[in-house]
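Subject: Structure for you to look at

Hello,

I am passing on a structure for you to read through. Please open it beside this message.

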Amino acid sequence: MTEPRPNFDLPPLTEKSGFPWVGIVLMVVALGVVAWWILSGKPQHPGHETAFAALERQLDKDRTTLDAERLKGVEMTQQLEAMKQAYELGKVPDKRQAIADYTALEAAHRVQREKVKALTAQFQEKLANLHKVQ
């Protein structure tokens, strides 16, 4: 007697499928295209470039003004030093008038310093706004 062969219903053998490289490559390429499209697109605001150019022009003008005011302050400092030195060396004919002139120039110099501080603060604020616009 022969024994009957067992009959198992097994699925047919299939080969192992490989890693889905094609799908991953296509996704990477698609993400690269989307990133390029976003980065190379037009700015979000149409007036962005105009505002940026206007702020740059205003900053250039303010920088010129600030430099001129700083130069005035430096010249006043030099005048104060020269007046002080002339007084100390006794090269002034009227000492009371020399002291009055020195005091007046020193007060003007103080006002000039405050003006330069204010202009510098305004310039720094505008520069910060320019960086925000960028």
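Below is what was found in it.

The model is predicted, so local features need pLDDT of at least 70 and side-chain atom pairs count only at pLDDT 80 or more, while totals for chains, interfaces and linings use all residues. Residues are numbered from 1 along each chain as its sequence is written, and side-chain values use heavy atoms, with hydrogens and water left out.

The core: the largest nonpolar core has seven residues, namely Phe52, Leu55, Leu59, Leu66, Val116, Phe123 and Leu130. Such a core is a set of buried (under 20% relative accessible area, 1.4 Å probe, protein chains only) Ala, Val, Leu, Ile, Met, Phe, Trp, Tyr and Cys residues joined through side-chain atoms within 4.5 Å. Two or more residues come from each of α2 (48–88) and α3 (95–133), and α2 gives the most, with four. Helices here are DSSP runs of H or I with at least four residues, numbered from the N terminus.

Glu75: this residue is in helix α2. Glu75 counts as partly exposed because its relative accessible area is 40%, and that class runs between 20% and 50%. Glu75 and His109 are 34 residues apart in sequence, with 9.4 Å from C-alpha to C-alpha.

A charge and a ring: the charged end of Lys95 sits over the ring of Tyr87, 5.7 Å from its centre. For this, NZ of Lys or CZ of Arg must be within 6 Å of the ring centre and within 35 degrees of the ring normal.

Regards
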